[in-house]
Amino acid sequence: MKRKWSFMIMVFILILVMAACGGGDDEGGETEGSEGNEASGDQQNLRISIGVNDSHPEYEGAVRFKELVEEQTDDFNVEVYHSGQIADDRAAVEMLQLGTLEITIPSTSPMVNFIPEYGVFDLPFTIPNEEVADQVLDGEFGDEMLDMLEDQGLVGLAWWENGFRNLTNDTRPVESVDDLNGLNVRTMENDIHMDAWSAMGANPTPMAFTELFTAMQQGTIDGQENPYPTIETSNYDEVQQYLSGTNHVYTPFVFLMDKELWDGFTEEQQTIIEEAALEAGEYNRERNREVAEESLETLQENMEYSEISEEELERFRESVEPVIENSRTDLGDEVVDRYLEEIEKHE
Ligand code: KDG
């Protein structure tokens with residue numbers, strides 16, 4: 001019994017230490033206007049951790065969230081920490097579960113480490129366009145997926161947009177699935193992404209987003225796949241020569257908060273935060289689509305761009321069909337069928 005108490009005391013001390021460290025760098029509160037706007041005694045600090053930098057539409061959405069919350073109440077001081085300053089996606093979610101961070105807005109792909117069913121969002125060549133994505137995420141299916149977060153000590157408040165993912169590499173133009181043969185492609189830490197790139201003939205390497213630019217700079221990987229806004233705002237065209245318009249997966253961002261913290265808020269505070277997350281999410285989607293068009297134009301000036309013909313896209317799709325069927329083992333038939341039915345309903 002004594003050992004158990006000493007262990008519990010050790011865990012408590014560890015959480016206190018992480019809470020102190022998890023406060024991030026006070027100077028790191030990279031939000032416009034947060035300098036000198038530290039939380040006063042009775043304010044609750046809400047730190048938002050994201051992996052992309054302050055040129056990305058996700059950061060713009062997070063700043064809009066800060067503005068919307070702080071113009072409605074003095075109860076909160078919101079700080080946005082971009083570029084993975086506090087943690088990468090997976091670690092940031094774990095910090096929410098530990099209570100050492102308040103908000104993070106990750107891609108859904110790393111979420112499979114907490115809720116395997118989130119892997120449906122990685123099923124390649126399924127969502128055909130943004131309109132269908134919005135209808136699937138903002139409807140009953142999206143609500144059901146957010147409800148799954150509660151058992152993980154998380155609250156999902158809104159779906160934001162990372163966007164349609166496209167391939168870059170520094171080895172050769174990729175215009176057909178055959179061109180992928182043997183290419184070392186970085187993927188998110190997600191088995192479905194890895195299975196899909198293996199099925200297309202590449203060699204997938206799972207890696208945190210925060211390590212990606214250095215890996216390309218050092219040549220430890222040949223290529224990666226991300227939406228145009230991320231490719232352009234992260235300056236991947238400095239270390240990658242070839243761009244292929246594969247649009248192979250639509251990745252959502254999901255706005256997450258520590259559930260224990262959320263449960264302690266008043267109904268009025270919860271309403272302000274949830275409505276701000278939803279409104280800022282609409283703004284993020286709008287900006288992401290504008291920036292995606294602008295980013296593609298910029299990237300086409302700096303990289304060798306390959307548009308994939310419909311005939312070749314069909315070969316890409318055929319090559320990953322087994323991946324979708326095999327995903328049922330890990331994800332379960334129900335969520336895969338529901339997801340594919342929802343997409344078909346809105347196509
Ligand atoms: O926090 C930003 C990341 O969630 C996002 O850019 C992840 O798409 C992503 C990737 O490739 O890791």
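Let's start with a pairing in the sheet: serine 49 has threonine 104 as its bridge partner in β3. This is a predicted model, in which local features need pLDDT of at least 70 and side-chain atom pairs count only at pLDDT 80 or more, while totals for chains, interfaces and linings use all residues. Residues are numbered from 1 along each chain as its sequence is written, and side-chain values use heavy atoms, with hydrogens and water left out.

**The chain overall**

- The protein chain holds 12 helices and 10 strands; helices (H or I, at least four residues) and strands (E, at least two) are DSSP runs, numbered from the N terminus.
- Of its 347 residues, 54% count as buried, where buried means under 20% relative accessible area, exposed over 50%, and partly exposed in between (1.4 Å probe, protein chains only).
- Among contacts between residues at least 6 apart in sequence, 76% join residues at least 24 apart; a contact means heavy atoms within 4.5 Å.
- The chain has an accessible surface of about 15,400 Å², and carbon and sulfur atoms account for 45% of that. Accessible areas come from the Shrake-Rupley method with a 1.4 Å probe, and for residues only the protein chains shown count as cover.

- β1 (residues 44–49) runs parallel to β2, and 6 bridges join them. Two strands pair if DSSP finds at least two bridges between them.
- Within that pairing, the partner of arginine 47 in β2 is glutamate 79, and the partner of serine 49 in β2 is tyrosine 81.
- β1 also pairs with β3 (residues 103–104) in the parallel sense, over 2 bridges.
- Strand β2 (residues 76–81) is largely enclosed by the rest of the structure, because 6 of its 6 residues are buried.
- In a regular strand the side chains alternate between the two faces of the sheet. In β2 both faces are covered: Phe76, Val78 and Val80 are buried on one side, and Asn77, Glu79 and Tyr81 are buried on the other.
- Together, β1, helix α2 (residues 57–70) and β2 form a right-handed β-α-β unit. Right-handed here means that, with the strands pointing away from the viewer, the path from the first strand over the helix to the second runs clockwise.

- Glutamine 43 sits in the loop between α1 (2–21) and β1.
- A polar atom of the glutamine 43 side chain lies 3.1 Å from the backbone oxygen of aspartate 74, and the backbone oxygen of phenylalanine 76 lies 3.5 Å from a polar atom of that side chain.
- The polar-contact rule is a pair of N or O atoms within 3.5 Å; within protein, one must be able to donate a hydrogen and the other to accept it, and residues adjacent in sequence count only if both atoms are side-chain atoms.

**The ligand site**

- The ligand is surrounded by 14 residues, of which the closest are Gly51, Asp89, Asn162, Arg165 and Arg186; a residue counts as near if one of its heavy atoms lies within 4 Å.
- A backbone N or O atom of glycine 51 is 2.7 Å from an oxygen atom of the ligand.
- Side chains take part too: an N or O atom of arginine 165 lies 2.8 Å from a ligand oxygen atom, and one of asparagine 226 lies 2.9 Å from a ligand oxygen atom.
- On its own the ligand has 330 Å² of accessible area, and the protein covers 98% of it.

**Links across the sequence**

- Glutamate 60, in helix α2, touches Ser55, Tyr283 and Arg287, leaving aside residues up to four places away in sequence.
- Glutamate 60 and asparagine 288 are 228 residues apart in sequence, yet 9.4 Å apart in space, C-alpha to C-alpha.
- Glutamate 268 lies in helix α10 (residues 267–302) and is exposed, with a relative accessible area of 59%.
- Glutamate 268 and threonine 73 are 195 residues apart in sequence and 9.8 Å apart in space, C-alpha to C-alpha.

**Positive phi values**

- Most residues other than glycine have a negative phi.
- Phenylalanine 125, in the loop between β3 and α4 (130–138), has a positive phi near 55 degrees and is buried at 17% relative accessible area.
- Asparagine 235, in the loop between α8 (228–233) and β8 (242–245), has a positive phi near 60 degrees and counts as partly exposed at 35% relative accessibility.
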